[in-house]
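Visitor: I have a structure open and would like to learn how to read it. Where should I start?

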Amino acid sequence: MFLCLVQELDYDDVLELREYQLQVRVDDPEFFTTGTVTIQVTDINDNAPVFSVNEIQVNLTEFPSTEPGDPVTAFTATDIDSGDNGEFE
Ligand SMILES: [Ca+2]
Ligand SMILES: [Ca+2]
């Protein structure tokens, strides 16, 4: 006996389940037994991090109004993968 997937699994889709519990049953002519199959979907690193904005323009004044080490700008990025798969630098 075996189970097979009928559709793709997507851990990162909030509309999809991350755990499935299936009740299974086997019969012979006189008896049967039942069991539970629990399937847990695990995340993989299948999404790239994305910037909060696609382009940043910065105007800086030349030295000596600015110096090496001065902050230039700040930006953020996110990654919808979970745990280590959602880490970036
Ligand atoms: Ca993922
Ligand atoms: Ca990722």
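This is a predicted model: local features need pLDDT of at least 70, side-chain atom pairs count only at pLDDT 80 or more; totals for chains, interfaces and linings use all residues.

Visitor: How do strand 1 and strand 2 pair, and over how many bridges?

Guide: Look at the direction of the two strands and then at the bridges. Strand 1 and strand 2 pair in the antiparallel sense, over nine bridges. Four residues sit between strand 1 and strand 2, and the two strands form a hairpin.

Visitor: Which residue in strand 2 is the bridge partner of Tyr 20?

Guide: Ile 39 is the partner of Tyr 20. Another bridge joins Leu 22 to Val 37 in strand 2. When you look at side chains along a strand, remember a general point: in a regular strand they alternate between the two faces of the sheet.

Visitor: What does the secondary structure of the whole protein come to?

Guide: List the elements from one end to the other. The protein has zero helices and four strands, and its pattern along the sequence is β-β-β-β. The radius of gyration is 25 Å, well over the 12 Å that the globule rule gives for 89 residues, so the protein is more spread out than a compact globule. The C-alpha trace spans about 90 × 20 × 15 Å along the principal axes.

Visitor: How many of the 89 residues count as buried, as a percentage?

Guide: The figure is 0% for the protein. Contacts are a separate matter. Among those between residues at least 6 apart in sequence, 47% join residues at least 24 apart.

Visitor: How far apart are Tyr 11 and Ser 82 in sequence and in space?

Guide: Compare the two separations. Tyr 11 and Ser 82 are 71 residues apart in sequence, and their C-alpha atoms are 9.0 Å apart in space. Ser 82 is in the segment after strand 4. From Ser 82 to Glu 16 the separation is 66 residues in sequence and 15 Å in space, C-alpha to C-alpha. Ser 82 counts as partly exposed, with 15 C-beta neighbours inside 10 Å.

Visitor: Is Glu 89 buried or exposed?

Guide: Glu 89 has 4 C-beta neighbours inside 10 Å, so it counts as exposed. Glu 89 is in the segment after strand 4. Its C-alpha atom is 20 Å from that of Asp 70, and Glu 89 and Asp 70 are 19 residues apart in sequence.

Visitor: Which peptide bond is cis?

Guide: Check the omega angle of the bond. The bond from Phe 63 to Pro 64 is cis, with omega near 10°. Pro 64 is in the loop between strand 3 (50-51) and strand 4 (77-78).

Notes:
Residues are numbered from 1 along each chain as its sequence is written. Chains are lettered from A and ligands numbered from 1 in the order in which they are written. The radius of gyration is taken over C-alpha atoms; the globule rule is 2.2 Å times the number of residues to the power 0.38. A residue is buried if 20 or more other C-beta atoms lie within 10 Å of its own, exposed if 12 or fewer, and partly exposed in between; C-beta atoms are placed from the backbone. Two residues are in contact if their C-beta atoms, placed from the backbone, lie within 7 Å. Two strands pair if DSSP finds at least two bridges between them.
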